[in-house]
Amino acid sequence: MTTEVQPTNLKDTARRAAYRTILSLSCALLAFGVYTAAIRTRQRALLHAAYGLYLFTALKVYLFDLEAQNQLYRAFSLLVFAAILFVSSYFANRQHRSQHA
């Protein structure tokens, strides 16, 4: 028995995927903002909250967002998330150097 995919189901699936992507990007940007605030204010609690948000976002991307996507979308999602992590790392290293200089 074969199942035919209804056009409305394709639209709903694409819409859900877009919402999940927007949520993941929002979480990653929120984590970046919390991380930046933690570095500037030197508050350990904010730093740990940012790490938790990064971990949550990474798990969400890997477990849910990339589940049924094509390879191009997967690569793009991982590159965007990696770019956010690299920028965060750059700011952390710059702040660390300025504190010890």
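Surface patches are made of residues with over 30% relative accessible area and no salt bridge, with nonpolar side chains joined within 5 Å. In the predicted model, a nonpolar patch of this kind is formed by Leu55, Leu59, Tyr62, Leu63 and Phe64 and covers about 560 Å². One of these residues, leucine 63, belongs to helix α2, which spans residues 44–65. Leucine 63 has a relative accessibility of 55% and therefore counts as exposed, the cut-off for that class being over 50%.

The secondary structure of the protein consists of 3 helices and 0 strands, and the order of elements from the N terminus is α-α-α. The accessible surface amounts to about 7,700 Å², and carbon and sulfur atoms account for 65% of that area. Of the 101 residues in the protein, 23% are buried. When contacts between residues at least 6 apart in sequence are considered, 60% of them join residues at least 24 apart.

The largest nonpolar core comprises 12 residues, namely Ala28, Ala31, Val34, Tyr35, Ala38, Ile39, Leu47, Ala50, Tyr54, Ala58, Phe81 and Ile84. Helices α1, α2 and α3 (71–100) each contribute at least two residues to this core, and the most come from α1, which supplies 6. Isoleucine 39 is one of the core residues. Beyond residues up to four places away in sequence, isoleucine 39 touches Phe91, Ala92 and Gln95.

Serine 24 is found in α1 and is buried, because its relative accessible area is 5% and the limit for burial is under 20%. With residues up to four places away in sequence left out, the contacts of serine 24 are Thr57, Lys60, Val61 and Asp65. Serine 26 is also placed in α1, a helix that covers residues 7–41. The relative accessibility of serine 26 is 40%, so this residue counts as partly exposed. A polar atom of the serine 26 side chain lies 2.8 Å from the backbone oxygen of isoleucine 22.

Threonine 57 lies in helix α2. With a relative accessible area of 0%, threonine 57 is classed as buried. The C-alpha atoms of serine 26 and threonine 57 are 9.2 Å apart in space, while the two residues are separated by 31 residues in sequence.

The loop between α1 and α2 contains arginine 42. Most residues other than glycine have a negative phi. Arginine 42 is not a glycine, yet has a positive phi of about 60 degrees. The side of the classification on which arginine 42 falls follows from its relative accessibility of 58%, and the residue therefore counts as exposed.

Definitions and conventions:
Residues are numbered from 1 along each chain as its sequence is written. This is a predicted model: local features need pLDDT of at least 70, side-chain atom pairs count only at pLDDT 80 or more; totals for chains, interfaces and linings use all residues. Side-chain values use heavy atoms; hydrogens and water are left out. Patches are made of residues with over 30% relative accessible area and no salt bridge: like charges are joined within 9 Å, nonpolar side chains (Val, Leu, Ile, Met, Phe, Trp, Tyr) within 5 Å. Accessible areas come from the Shrake-Rupley method with a 1.4 Å probe; for residues, only the protein chains shown count as cover. A salt bridge is a side-chain nitrogen of Lys or Arg within 4 Å of a carboxyl oxygen of Asp or Glu. Helices (H or I, at least four residues) and strands (E, at least two) are DSSP runs, numbered from the N terminus. Buried means under 20% relative accessible area, exposed over 50%, partly exposed in between (1.4 Å probe, protein chains only). A polar contact is a pair of N or O atoms within 3.5 Å; within protein, one must be able to donate a hydrogen and the other to accept it, and residues adjacent in sequence count only if both atoms are side-chain atoms. A nonpolar core is a set of buried Ala, Val, Leu, Ile, Met, Phe, Trp, Tyr and Cys residues joined through side-chain atoms within 4.5 Å. Contact means heavy atoms within 4.5 Å.
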